[in-house]
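Subject: Structure for you to look at

Hello,

Here is the structure I said I would send. Please open it first, and then read my notes below.

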Amino acid sequence: MALILTSQQVKALDQTLSEKGLLEVTVENAGRSVAEALHRHFPDSRVLVVAGKGFNGADAVVAARHLLALGHEITVLAHQEAHQDSLKKLQVFTKTFPLTVDQVRHHMAKNDVVLEGLLGTGFQPPLSAEYAALIEALNMSLKPVVSIDLPSGVRADVPERPELAVRATRTFALAGLKPCHLFEPASEWAGETELLSIGVPGQYTHQFTSTHTVEPSDVQQWLPRRNQNAHKGSAGEVWVLGGRSGMTGCVALSTLAALRTGSGLVRHSSVVPVEHAPAETISHALQDWSEVKDLPFKGAVAVGMGLGDQAEDIAAMVLEKHLPTVVDADALQTSLRGKGHERTIFTPHPGEAARMLETDVAEVLSDPLGAVRTLQKQYGGVVVLKGGPTTIATKQTTWVNTSGNPGMASAGMGDVLAGIIASLLGQGLSAKHAALSGVYLHGRAGDLCFERHHYGLQASDVAHAVGPAWHALLHGE
Ligand SMILES: NC(=O)C1=CN([C@@H]2O[C@H](COP(=O)(O)OP(=O)(O)OC[C@H]3O[C@@H](n4cnc5c(N)ncnc54)[C@H](OP(=O)(O)O)[C@@H]3O)[C@@H](O)[C@H]2O)[C@H](O)CC1
Ligand SMILES: [K+]
């Protein structure tokens with residue numbers, strides 16, 4: 001499981017490691033892990049190592065010593081205030097040069113790859129003129145640039161576009177991923193990100209963060225399993241409430257997705273005829289939305305998709321019944337604050353999240369992890385904040401999902417997700433497991449479709465690909 005750490009949490013972790021006498025060995029581990037990873041990607045390369053004055057620079061200096069041991073030719077440019085103990089250990093084996101723009105330019109041409117440890121989680125903007133000039137020089141490199149922990153100039157916790165930062169080919173994140181590795185646009189500066197273990201004992205890291213990635217191996221454990229004698233009555237039910245004139249496709253997509261995720265029975269209700277709903281679904285037509293309160297619900301409910309103005313009232317009515325419920329789209333309104341219970345899942349996209357938080361979309365996107373946590377606190381239940389990537393919050397924990405792709409930015413994709421999650425709820429999963437497994441499967445199905453349809457993939461393609469994605473997950477494909 002990949003942990004996600006903020007710069008404050010790294011600072012607190014460093015403090016603990018220092019108190020336990022483990023900081024020095026952790027920096028040694030970090031440097032060795034970086035050297036071994038670089039060696040894997042660029043065997044036999046000549047490496048220019050650039051070391052700043054903080055611990056990010058210390059990692060670079062330690063990495064240089066291990067690169068030497070692995071047989072690499074190296075050139076080290078170290079800041080005059082670089083970590084002295086590490087530097088002394090290195091200077092036993094090789095000469096180092098002062099860190100200046102001229103030296104960077106001169107040595108860059110003679111090496112095959114640049115390893116930069118100028119700034120990591122300790123960076124506080126604005127950049128000094130000295131570091132800005134060094135970063136500009138590094139960005140002129142025609143050779144691959146590898147960043148230690150994060151590209152220098154990027155703020156670890158802030159997904160926003162950095163003013164000036166190293167454009168890395170590859171980034172070795174240390175101990176945990178940082179928000180800047182996961183969220184655009186900052187993540188674009190990191191190139192390919194790889195998380196390296198630096199041997200920090202789990203009890204210390206877990207003490208500081210309860211945010212991590214959704215792991216396929218966990219999803220595999222959570223997904224429902226069937227006996228040989230399963231029948232439609234034992235495979236879970238879903239009831240979709242949504243649609244209005246001209247907006248019935250949402251219901252068709254949600255019901256399709258629920259069927260494709262394995263629900264034994266899928267029903268839908270609306271005040272208008274739902275065209276194109278799969279033949280396998282059952283329609284309970286309504287004269288008026290107030291009839292919802294008398295519907296004989298079984299299994300899980302998904303409410304809100306294409307429903308229009310009355311969605312929040314209908315959702316409130318359903319929430320009072322304490323059924324496993326997905327609240328989506330038009331139902332995601334401020335009147336539902338505090339109404340989520342342990343079997344509720346709210347599924348806003350950033351626009352809906354902004355409405356629920358009474359803020360703007362830019363604010364949500366500037367801190368998706370903070371936004372999903374605040375939504376959970378205000379609304380209760382489980383919150384799925386859709387995006388690239390989607391974040392999920394329960395009362396205790398926050399997750400980031402890494403399956404999925406930009407081809408999924410198209411109409412109806414949210415309706416499909418709501419149908420998948422509702423189906424898993426109806427098959428007996430808890431809200432937490434249904435939300436996490438549903439989000440993961442949706443993304444994984446999208447990834448299968450992307451191979452075939454690229455940006456032309458449609459929401460219904462994703463619904464049809466849930467089975468193959470599930471199968472691939474179980475069979476390690
Ligand atoms: N627990 C872990 O995950 C470990 C991570 N490690 C590595 O340590 C860095 C964080 O190290 P830290 O020393 O806290 O910070 P940095 O190296 O990122 O940067 C601090 C130095 O940079 C200078 N600085 C800060 N902002 C600016 C700026 N705007 N312009 C110029 N210089 C700046 C700052 O100088 P000051 O003069 O401001 O003090 C610092 O000298 C983490 O990213 C990992 O790489 C460890 O290996 C151990 C465990
Ligand atoms: K760096």
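An oxygen atom of ligand 1 lies 2.9 Å from a polar backbone atom of Gly 122. Taken by itself, ligand 1 exposes 940 Å², and the protein buries 79% of that. Bear in mind that this is a predicted model, so the distances and areas are computed from it.

Two side chains also come up at the ligand. For Asn 56, an N or O atom of the side chain is 2.8 Å from an oxygen atom of ligand 1. For Lys 53, the corresponding distance, again from a side-chain N or O atom to an oxygen atom of the ligand, is 3.1 Å. In total, 25 residues surround ligand 1. The closest are Asp 59, Gly 120, Gln 124, Pro 126 and Asp 149.

The other item is a sheet. It is open and has 10 strands, in the order β8-β17-β16-β15-β14-β13-β12-β9-β10-β11, with mixed pairing. Strands β8 (211-213) and β11 (282-283) are its edges, since each pairs on one side only. In general, strands of a sheet pair through backbone hydrogen bonds, either parallel or antiparallel.

One pair to find in the viewer is β9 (residues 237-241) with β12 (residues 300-303), which is parallel and has four bridges. Within this pair, Val 240 stands opposite Ala 302 of β12.

Which strands does helix α14 lie across? The helix, residues 368-379, lies across β8, β14 (344-346), β15 (382-385), β16 (391-393) and β17 (398-400). It runs at about 30° to β16.

Regards

Conventions
Residues numbered from 1 in each chain as written. Chains lettered and ligands numbered in written order. Predicted model: local features only at pLDDT ≥ 70, side-chain atom pairs only at ≥ 80, totals over all residues. Heavy atoms only, no water. Pairing = 2+ DSSP bridges. Helix = DSSP H or I, 4+ residues; strand = E, 2+ residues; numbered from the N terminus. Contact = heavy atoms within 4.5 Å. Axes fitted to C-alpha atoms, helices over the stretch in contact; angles between N-to-C directions. Near = heavy atom within 4 Å. Polar contact = N/O pair within 3.5 Å; in protein donor to acceptor, adjacent residues only side chain to side chain. Areas by Shrake-Rupley, 256 points an atom, 1.4 Å probe, with all protein chains shown as cover.
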